[in-house]
Amino acid sequence: MQTVRVKTARGGRVRSTTPAEDRYIVLSAKRNRRTTAQQVANQFLAASGKQISRKTVARRLRGGGLYARRPVVCAPLTRQHRTARLQWCREHHNWTEQDWACKLFTDESRFSLSSDCRRQLIWHESGTAYRPENIQEKDRYPTCSIMV
């Protein structure tokens with residue numbers, strides 16, 4: 001039995017996925033932005049029966065406008081935190097430069113003794129880093145740390 005190879009219109013290597021499969025890959029990554037390229041490849045294998053590499057998945061996601069980036073990390077604020085911040089701002093909105101000159105702002109750095117290296121990545125489009133689905137609420141330093 002002889003295998004027939006179909007050449008692309010531009011020549012070169014035959015693509016391993018169709019445009020419809022490319023859309024499926026992008027959609028599955030958008031459904032759960034915290035999945036890895038390998039997990040998306042495994043989902044694709046289960047759905048279609050075709051084996052593709054994680055590099056192929058990453059290329060298809062880049063073609064669909066999704067890039068692997070670290071999520072923006074913010075401290076979770078309760079309703080009381082928000083209310084207190086808003087009240088403070090309202091009390092100090094009319095301060096002059098002389099009022100602010102009496103205040104000391106320090107530049108401190110916090111060094112965490114835990115091993116949180118933030119290696120978890122998410123898939124998101126360019127310019128959408130601060131959308132709610134791309135933000136990870138997290139207590140920044142729940143373990144031992146040093147302020148310098």
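**Surface, salt bridges and contacts**

Colleague: Is Cys-89 buried, partly exposed or exposed?

Modeller: Buried means under 20% relative accessible area, exposed means over 50%, and partly exposed is in between (1.4 Å probe, protein chains only). Cys-89 has a relative accessibility of 43%, so Cys-89 counts as partly exposed.

Colleague: Thanks! What kind of model is this?

Modeller: Residues are numbered from 1 along each chain as its sequence is written, and side-chain values use heavy atoms, with hydrogens and water left out. Local features need pLDDT of at least 70, side-chain atom pairs count only at pLDDT 80 or more, and totals for chains, interfaces and linings use all residues, since this is a predicted model.

Colleague: Back to the cysteines: how many disulfides are there?

Modeller: A disulfide is a covalent bond between the sulfur atoms of two cysteines. Here it is taken as a pair of cysteine sulfur atoms within 2.5 Å. By that rule, the number of disulfides is zero.

Colleague: And is Cys-102 buried or exposed?

Modeller: The relative accessible area of Cys-102 is 65%. With that value, Cys-102 is exposed.

Colleague: Can you give me the overall layout: in what order do the elements of the protein chain run?

Modeller: Helices (H or I, at least four residues) and strands (E, at least two) are DSSP runs, numbered from the N terminus. The protein chain has five helices and six strands. Of its 148 residues, 19% count as buried. From the N terminus on, the elements run α-α-α-β-β-α-α-β-β-β-β.

Colleague: How many salt bridges are there?

Modeller: Side chains of opposite charge can pair when their charged atoms come close. The rule asks for a side-chain nitrogen of Lys or Arg within 4 Å of a carboxyl oxygen of Asp or Glu. By this rule, the number of salt bridges is five.

Colleague: How far apart are the closest N and O atoms of Asp-22 and Arg-15?

Modeller: Asp-22 is buried, at 14% relative accessible area, whereas Arg-15 is partly exposed at 46%. Both belong to a network of salt bridges that also includes Arg-60. In the bridge between Asp-22 and Arg-15, the closest N and O atoms are apart by 2.6 Å.

Colleague: Which residue forms a salt bridge with Lys-30?

Modeller: Lys-30 lies in helix α1 and is partly exposed at 36%. Its side chain meets its partner at 3.4 Å, N to O, and that partner is Glu-125. The pair ties together parts that are 95 residues apart in sequence, because Lys-30 is in helix α1 (residues 19-31) and the loop between β4 (122-124) and β5 (135-137) holds Glu-125.

Colleague: Which residue forms a salt bridge with Arg-33?

Modeller: Arg-33 is buried, with a relative accessible area of 12%. The closest N and O atoms are 3.8 Å apart in the salt bridge that joins Arg-33 to Glu-125.

Colleague: Which residues form the nonpolar patch on the surface?

Modeller: Patch residues have over 30% relative accessible area and no salt bridge; nonpolar side chains (Val, Leu, Ile, Met, Phe, Trp, Tyr) are joined within 5 Å and like charges within 9 Å. Accessible areas come from the Shrake-Rupley method with a 1.4 Å probe, and for residues only the protein chains shown count as cover. With about 370 Å² of accessible area together, the patch is formed by Trp-88, Trp-100 and Phe-105.

Colleague: In which helix is Trp-100 found?

Modeller: Trp-100 is partly exposed, at 30% relative accessibility. The helix in question spans residues 97-101, and it is α5.

Colleague: Which residues form the positive surface patch?

Modeller: Lys and Arg count as positive and Asp and Glu as negative, while His and the chain ends are not counted; the charge is placed at NZ of Lys, CZ of Arg, CG of Asp or CD of Glu. One member, Arg-62, lies in helix α3 (residues 54-63) and is partly exposed at 43%. The positive patch is formed by Arg-13, Arg-54, Lys-55, Arg-59 and Arg-62.

Colleague: One more: what separates the C-alpha atoms of Pro-71 and Ile-122?

Modeller: Pro-71 sits in the loop between β1 (67-69) and β2 (72-74), and Pro-71 is buried at 4%. Pro-71 and Ile-122 are 51 residues apart along the chain, and their C-alpha atoms are separated by 6.2 Å.
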